Amino acid sequence: MTIIEMLPNVAKDMEPINGRALLDELGKIGVTILVRKKVHEVTPEGVVVIDMEPGKNRRSFLTTHFGHGLRSDQALYQSLEGKVEGLYLAGDCNQPGTIFEAVRDSFLIGYHI
Ligand SMILES: Cc1cc2nc3c(=O)[nH]c(=O)nc-3n(C[C@H](O)[C@H](O)[C@H](O)COP(=O)(O)OP(=O)(O)OC[C@H]3O[C@@H](n4cnc5c(N)ncnc54)[C@H](O)[C@@H]3O)c2cc1C
């Protein structure tokens, strides 16, 4: 299995000891991690990956696992904006993060109401 990541590193938002342990475990089971690579195309034969560093070639993989970043979805908030009072954004719809951040933001909003 191959993990493809556009950023220069993976698990960078994890607590360092947990991140290191996760990468060690993935290494033990033979997972390859490629950084600075971009999924270009998914074909029946596999996934075509582009190296994000200029001048390097594209590569293909037969079996690939790829993750992508998260983006907030504020459609519900926007559809209610101006129609209801006391409308707040909290958690991932405000900014994708962790459970801790979602609970903290929600607590602070509730606290200030
Ligand atoms: C694969 C994955 C792994 C993760 N692992 C971790 C982890 O290990 N530790 C950690 O801290 N965080 C982790 N996170 C992040 C964490 O899940 C989120 O930060 C957290 O769930 C955000 O909480 P939330 O209440 O803002 O959103 P959500 O948990 O997404 O809850 C939003 C809810 O609103 C509902 N909803 C959406 N639209 C509507 C609508 N129109 N009407 C009614 N209901 C609606 C959805 O169905 C959902 O139940 C992970 C996220 C992912 C995707």
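Trainee: What pattern of helices and strands does the protein follow along its sequence?

Mentor: The predicted protein holds three helices and six strands. Read along the sequence, these elements follow the pattern β-α-β-β-β-β-β-α-α.

Trainee: What percentage of the residues in the protein is buried?

Mentor: A residue counts as buried when its relative accessible area is under 20%. Of the 113 residues in the protein, the buried ones make up 14%.

Trainee: Which residues surround the ligand?

Mentor: By class, the shell around the ligand has four nonpolar, three polar and one charged residues. The residues that surround the ligand are Leu76, Ala90, Gly91, Asp92, Gly97, Thr98, Ile99 and Ala102.

Trainee: Which residue places a polar side-chain atom 2.8 Å from an oxygen atom of the ligand?

Mentor: The shell around the ligand includes one charged residue. Asp, Glu, Lys and Arg count as charged, and among the residues that surround the ligand is Asp92. The residue with a polar side-chain atom 2.8 Å from a ligand oxygen is Asp92.

Trainee: How far from an oxygen atom of the ligand does a backbone N or O atom of Ile99 lie?

Mentor: The backbone of Thr98 also takes part, with a polar atom 3.3 Å from an oxygen atom of the ligand. For Ile99, the distance from a backbone N or O atom to a ligand oxygen is 2.9 Å.

Trainee: What percentage of the area that the ligand exposes when taken alone does the protein bury?

Mentor: Taken alone, the ligand exposes 1000 Å². Of that area, the protein buries 27%.

Trainee: Which residues form the nonpolar patch on the surface?

Mentor: One member, Val84, is found in the loop between helix 2 (75–80) and helix 3 (99–112). Val84 counts as partly exposed because its relative accessibility is 39%. The patch has about 260 Å² of accessible area in total, and its members are Leu76, Leu80 and Val84.

Trainee: Is Cys93 buried or partly exposed?

Mentor: Cys93 is found in the loop between helix 2 and helix 3. Its C-alpha atom is separated by 9.0 Å from that of Ala75, 18 residues away along the chain. Since residues under 20% relative accessible area count as buried, the value of 25% makes Cys93 partly exposed.

Trainee: How many salt bridges does a search of the whole structure find?

Mentor: Side chains of opposite charge can pair when their charged atoms come close. Arg104 is partly exposed at a relative accessible area of 38%, and Asp105 is partly exposed at 21%. In the whole structure, the number of salt bridges found is five.

Trainee: Which residue forms a salt bridge with Lys12?

Mentor: Lys12 is exposed, with a relative accessible area of 51%. The closest N and O atoms of the pair are 3.6 Å apart, and the partner of Lys12 is Asp13.

Trainee: In which helix do Lys28 and Glu25 both lie?

Mentor: The side chains of Lys28 and Glu25 meet in a salt bridge at 3.1 Å, N to O. Lys28 is exposed at a relative accessible area of 64%, whereas Glu25 counts as partly exposed at 44%. The two are three residues apart, about one turn of the helix, and the element that holds both is helix 1 (residues 16–28).

Trainee: Which side chain makes a polar contact with the side chain of Asp51?

Mentor: Asp51 lies in strand 4 (residues 46–51). Asp51 counts as buried because its relative accessibility is 12%. At 3.4 Å, the side chain in polar contact with that of Asp51 belongs to Lys37.

Trainee: How far apart in space are Val35 and Val10, C-alpha to C-alpha?

Mentor: Val35 is found in strand 2 (residues 32–35). With a relative accessible area of 28%, Val35 is partly exposed. Val35 and Val10 are 25 residues apart in sequence, and their C-alpha separation in space is 7.5 Å.

Methods: Residues numbered from 1 in each chain as written. Predicted model: local features only at pLDDT ≥ 70, side-chain atom pairs only at ≥ 80, totals over all residues. Heavy atoms only, no water. Near = heavy atom within 4 Å. Polar contact = N/O pair within 3.5 Å; in protein donor to acceptor, adjacent residues only side chain to side chain. Areas by Shrake-Rupley, 256 points an atom, 1.4 Å probe, with all protein chains shown as cover. Patch = residues over 30% accessible without salt bridge, like charges linked within 9 Å, V, L, I, M, F, W, Y side chains within 5 Å. Salt bridge = Lys/Arg side-chain N within 4 Å of Asp/Glu carboxyl O. Helix = DSSP H or I, 4+ residues; strand = E, 2+ residues; numbered from the N terminus. Buried < 20%, exposed > 50% of the residue type's maximum accessible area, 1.4 Å probe, protein only.
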